Amino acid sequence: MADSDYESVLCVKPEVHVYRIPPRSSNRGYRAAEWQLDQPSWSGRLRITAKGKMAYIKLEDKNSGELFAQAPVEQFPGIAVESVTDSSRYFVICIEDGNGRRAFIGVGFGDRGDAFDFNVALQDHFKWVKQQTELAKQALNPDPGPKLDLGFKEGQTIKINIANIKKKEAAPGNTKARPAGAVNILPPPPGGKAPILIAPPAEHPPQSSPQTVKSSTTGFLLDLDATPFGEQTPISAAGDIWGDFANASEAAPGHTPASTGWVQF
């Protein structure tokens, strides 16, 4: 069974009134005030059904459901359903008897909410019909649309600006900058002691004699650079160096030298 064979119900209102209306003499529209609103020609139930793209306004008996009149609606708004100019509760519909005969009658609702539902049901149906028609056209004539071309054209280039990255040592206010020539010192292991830095020995000025004794505030130092590796300094030289201290100790009473050339302090 095709989809067009199904009939769906769009709206049902339990009470509606039907009026005979005078022929329209001009294009100014219908006015409900010209009808005999207190004397309706017929009262019953209204149903709106849909079958395919068509909608049908059916006027039926409240008790038996017998069809009193039917108005096929091909489009909305259109000549099949028109609103009056002086009220939102009344409409003019075009009914057909199935033999080609037509007549325009007035219908009205006692409640404005029922009139609103009647209007919205027709609007929603034909909005759906419009969407289905557009989808069918797109299926028959698919429009691929413009393709997105991301390739470079002939002679086209791209420019990328990369900011200059300065070294951390040259950055202003950087307290972590390390002076030139500094030695990297690893932190001590847990529980260990920090390493002790020993300054390199200061260079000695050239000596006139390799055995010259230099005096300074830190004590007496011997210049041993001139002595070749593996040779020993003569004992006489050592005795000359320590001779003054030995003589001084001998002159002092109560002191006995421990060994030759050494002074016991």
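How many aromatic pairs does the structure hold? In this predicted model, the structure holds seven aromatic pairs, one of them formed by Phe-91 and Phe-109. The largest nonpolar core has 26 residues, and another core, of eight residues, lies apart from it. A nonpolar surface patch of about 520 Å² is also present, as is a cis peptide bond from Phe-76 to Pro-77.

**Aromatic pairs**

- The ring centres of Phe-91 and Phe-109 are 6.5 Å apart and the ring planes stand at 75 degrees, so this pair is edge-to-face, given that planes over 60 degrees apart are assigned to that class.
- The pair links distant parts of the chain, its two members being 18 residues apart: Phe-91 belongs to strand E6 (residues 90-96), whereas Phe-109 sits in the loop between strand E7 (102-108) and helix H1 (112-140).
- Phe-91 has a relative accessibility of 4% and therefore counts as buried, and Phe-109, at 1%, likewise counts as buried, because the cut-off for burial is under 20% relative accessible area.
- Elsewhere, Tyr-19, Trp-35 and Tyr-90 are linked into a cluster by ring pairs.

**Nonpolar cores**

- Within the largest nonpolar core, the residues with the most contacts inside it are Ile-57, Val-81 and Phe-118.
- At least two residues of this core come from each of strand E1 (8-19), strand E2 (42-51), strand E3 (54-60), strand E4 (67-73), E6, E7 and H1, and H1 gives the most, with five residues.
- When its neighbours within four places in sequence are left aside, Val-81 is in contact with Ile-57, Val-73, Phe-76, Val-92, Ile-93, Phe-118 and Leu-122.
- The separate core of eight residues includes Tyr-30, Ala-32, Tyr-90 and Val-92; of these, Tyr-90 also takes part in the ring cluster with Tyr-19 and Trp-35, while Val-92 is also listed among the contacts of Val-81.

**Nonpolar surface patch**

- Phe-152, Ile-158, Ile-160 and Ile-162 make up the nonpolar surface patch of about 520 Å².
- Phe-152, which lies in the loop between H1 and strand E8 (213-216), has a relative accessible area of 57% and is therefore exposed, since the cut-off for that class is over 50%.

**Cis peptide bond**

- The peptide bond that runs from Phe-76 to Pro-77 is cis, with omega near -5 degrees, and Pro-77 is found in the loop between E4 and strand E5 (81-83).

How values were computed:
Residues numbered from 1 in each chain as written. Predicted model: local features only at pLDDT ≥ 70, side-chain atom pairs only at ≥ 80, totals over all residues. Heavy atoms only, no water. Phe/Tyr/Trp six-rings, centres within 6.5 Å; stacked < 30°, edge-to-face > 60°. Helix = DSSP H or I, 4+ residues; strand = E, 2+ residues; numbered from the N terminus. Buried < 20%, exposed > 50% of the residue type's maximum accessible area, 1.4 Å probe, protein only. Core = buried A, V, L, I, M, F, W, Y, C linked by side-chain atoms within 4.5 Å. Contact = heavy atoms within 4.5 Å. Patch = residues over 30% accessible without salt bridge, like charges linked within 9 Å, V, L, I, M, F, W, Y side chains within 5 Å. Areas by Shrake-Rupley, 256 points an atom, 1.4 Å probe, with all protein chains shown as cover. Salt bridge = Lys/Arg side-chain N within 4 Å of Asp/Glu carboxyl O.
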